[in-house]
Amino acid sequence: MNQNNVVCENAAIQVDGVHKSFGKVKALSGIDIQVDSGIVFALLGPNGSGKTTLIRILTTLLRPDSGTATVGGFDVEREPASVRPIIGLAGQYPAVDENLTGKENLEMIGRLYHIGKKQSILRATELLEYFELSDAANRRAKTYSGGMRRRLDLAAALVANPSLLFLDEPTTGLDPRSRIGLWEVIKSQAKQCNSVFLTTQYLEEADRLADRIAIMEKGKIIQEGTPQELKDCCGGETRVKMRLTDRSQTSRVAELLEEIAQGKVNQNNEMGEISFPAPGGTSVLTDIVRKLDADGIELAELGLTQPTLDDVFLSITGHTAEEEAGKD
Amino acid sequence: MRRKILETLSDIWVMTQRDVRRYLRLPQLLLTNIILNVVLLILFNYVFGGAIQTGGVAYIQYFLPGFLAQSVVFGSTQTSVGISEDLSKGLIDRFRSLPMARIALLSGRVVSDALRYLTLIVIMIGVGYAAGFRFEAGFGPAFLGIWLIVLFGIALTWVGVFIGISVKDVETAQVAGFVWVFPLVFASSLYVPIETMPSWLQVFAEINPVTPMVDTIRGLSWGTDISSSLWKILAWDAGLIFITLPLALRKYRLLTH
């Protein structure tokens, strides 16, 4: 289901049993994915898990060793010429020609998509405006800042209004403001039955953006579903978390709350923090307030925390995404 | 089919524009070319000019036609570097993911390089004229000669494209693109008559494509017979393009890095 509730027919991407090795290194070992039209699909995984390899296969840059992949109904290996007009790609590093101006870059891409000279000029102006690059339109891309290059690169991927947009770690290295701007762009793409296939190392990003998420590790998809499904299945529990105004009371309060808590009570004496599982949800909050109030204990903070994708990743792989990424 | 051909031509044109803009915006690329050639021309004319016996012909008359061919041979070595530079950047992935004709990126480079050679040749003729060179047979044959040199340049550029796409890093391309042109230029009829070389080197000089190129352009400038050398150089041009173009294109299609 996309954000507009338009029913989009046909699978946009279908991947069956794709393997790919580089020499002795197995990059992909048996990938199966189906991506419906009109959704944002996030491939989540640490560095070296095979995300980029899969994107390169889907964008006709690389051939799989075995298995099949279709994009927009066309086989990427046998009909690459039919796949290319309907896709847009923004890779991990901005792919802009530094000797050309921003405007020339986009016009060139338009011409190479065969949308016509007039349309190319029109589209370039439109996209430069949209990505707030109009003022720099006639400056060479060489003079652009990192963030501007990223935006120009993304604009280039959107020139032909592709029905499938592939983004390889699109927000890596972006400042928070640009990142949120990019999220808006990605969300708006999923309307009109266009799909976005993106890779990311950021759990938060996948959570915020994606209709469906596949978690990838060591060349395999190890879990797939909606963000909620993933949290439900493997994300662990809802917890209640509080911080005391007076840290010295931590141990005493933790003891007090033992009888309310349905599970192990964790305490952090230095921070004055206490947390425990709260499967019942908000009802436990009233109990806590009542109990502590009776003892004259003051709370600085009190709330419930929902399971995050971090928890999902941790529970499936046994380590956090950051730990794994740090190995590279 | 017709649409496909038109699209391919349009793609080549778009890529040519890109490469021409690169030359216009990085004028040092062409400028170093020009300076190198002017310096060499002056050195060869005034240092060796008095010593080399060329049978009564003024040395500038003897070597300038060949020198024009040489400027193109040296110029083509930049192609390998340019191509490997393109391949080492993320831009190549974008181009390869676009519905553009596979041949367009490489051809655009070749066409823009041909324009660069043309510019270079015209400038070198101007410098030659200042140093006393004259097209004795008039401008008609000279005009034909210029285009033959450009065609030779195109053939060599496809060799450069193939080298650039094969070596994959810029530093190697710099050396690999340059090293093979020295024997071509010097072991030919360009600077000295072949008869003055040892016999084993004469064999190489006879086969060397620079020799028929130089003989042809020299004949066109002097107004002497070129029938035998003209066919040899045209065969070389056709042969080089026929072999290196498909090889380069195949490499481009199968790029995986």
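In this predicted model, the crossing of α11(B) and α12(B) is left-handed. The axes of helix α11 (residues 210-222) of chain B and α12(B) come within 8 Å, and the angle at which they cross is roughly 135°. Since angles over 145 degrees count as roughly antiparallel and those from 65 to 115 as roughly perpendicular, α11(B) and α12(B) are therefore oblique to each other. On the side of α11(B), the contact is made by B:Pro212, B:Met213, B:Asp215, B:Thr216 and B:Gly219, and on the side of α12(B) by B:Ser229, B:Leu230, B:Lys232, B:Ile233 and B:Trp236. Sorted by class, the residues of this contact of α11(B) with α12(B) are five nonpolar, three polar and two charged.

Helix α12 (residues 227-253) of chain B also meets helix α7 (residues 139-167) of chain B, with axes that come within 8 Å and cross at roughly 30°. Because angles under 35 degrees count as roughly parallel, α7(B) and α12(B) are roughly parallel to each other. The crossing of α7(B) and α12(B) is likewise left-handed. Among the residues that α7(B) gives to this contact are B:Leu148, B:Phe152, B:Trp158 and B:Phe162, while those given by α12(B) include B:Ile233, B:Trp236, B:Leu240 and B:Tyr252. By class, the contact of α7(B) with α12(B) has 17 nonpolar, two polar and two charged residues. B:Ile233 and B:Trp236 of α12(B) take part both in the contact with α7(B) and in the contact with α11(B).

| Helix pair | Axes come within | Crossing angle |
|---|---|---|
| α7(B) and α12(B) | 8 Å | roughly 30° |
| α11(B) and α12(B) | 8 Å | roughly 135° |

Where the two chains meet, 19 residues of chain B are in contact with 22 residues of chain A. On the side of chain B that touches chain A, the elements giving two or more residues are α1 (2-25) and α5 (91-97) of chain B, and of these α1(B) gives the most, with eight residues. This side of chain B divides by class into six nonpolar, four polar and nine charged residues.

Chain A is divided into domain 1, which takes in 11-96 + 144-232, and domain 2, which covers 239-305. The centres of domain 1 of chain A and domain 2 of chain A, taken over C-alpha atoms, are separated by 42 Å.

Strand β1 (residues 11-22) of chain A pairs with strand β2 (residues 25-36) of chain A in the antiparallel sense over nine bridges, and A:Gln14 has A:Gln34 as its bridge partner in β2(A). The hairpin of β1(A) and β2(A) has two residues between the strands, and A:Gly23 takes a positive phi near 65° there. β1(A) is also joined by five bridges to strand β4 (residues 66-71) of chain A, the two running antiparallel, with A:Asp16 standing opposite A:Thr68 in β4(A).

An open sheet of six strands in chain A has the order β6-β7-β8-β3-β9-β10, and its pairing is mixed. The edge strands are β6 (87-90) and β10 (220-225) of chain A, each pairing on one side only, and the twist from one strand to the next averages 15°. Within this order, strand β3 (residues 40-44) of chain A and strand β8 (residues 195-200) of chain A run parallel and are joined by five bridges, A:Leu43 standing opposite A:Thr199 in β8(A). Helix α5 (residues 146-158) of chain A lies across β6 and β7 (164-168) of chain A, and runs at about 165° to β6(A).

Another open sheet of chain A has four strands in the order β12-β13-β11-β14, with antiparallel pairing. Its edge strands, each of which pairs on one side only, are β12 (266-268) and β14 (299-305) of chain A, and neighbouring strands of the sheet are turned by 15° against each other on average, direction ignored. β12(A) is joined by three bridges to strand β13 (residues 273-277) of chain A, and the two run antiparallel; the bridge partner of A:Gln267 in β13(A) is A:Ile274. Helix α9 (residues 250-257) of chain A packs on this sheet, where it touches β11 (239-244), β12 and β13 of chain A, and its direction makes about 20° with that of β13(A).

Conventions
Residues numbered from 1 in each chain as written. Chains lettered and ligands numbered in written order. Predicted model: local features only at pLDDT ≥ 70, side-chain atom pairs only at ≥ 80, totals over all residues. Axes fitted to C-alpha atoms, helices over the stretch in contact; angles between N-to-C directions. Left-handed = near helix turned anticlockwise from the far one by under 90°. Contact = placed C-beta atoms within 7 Å. Nonpolar A, V, L, I, M, F, W, Y, C, P; charged D, E, K, R; others polar. Domains from an automatic or database assignment. Pairing = 2+ DSSP bridges.
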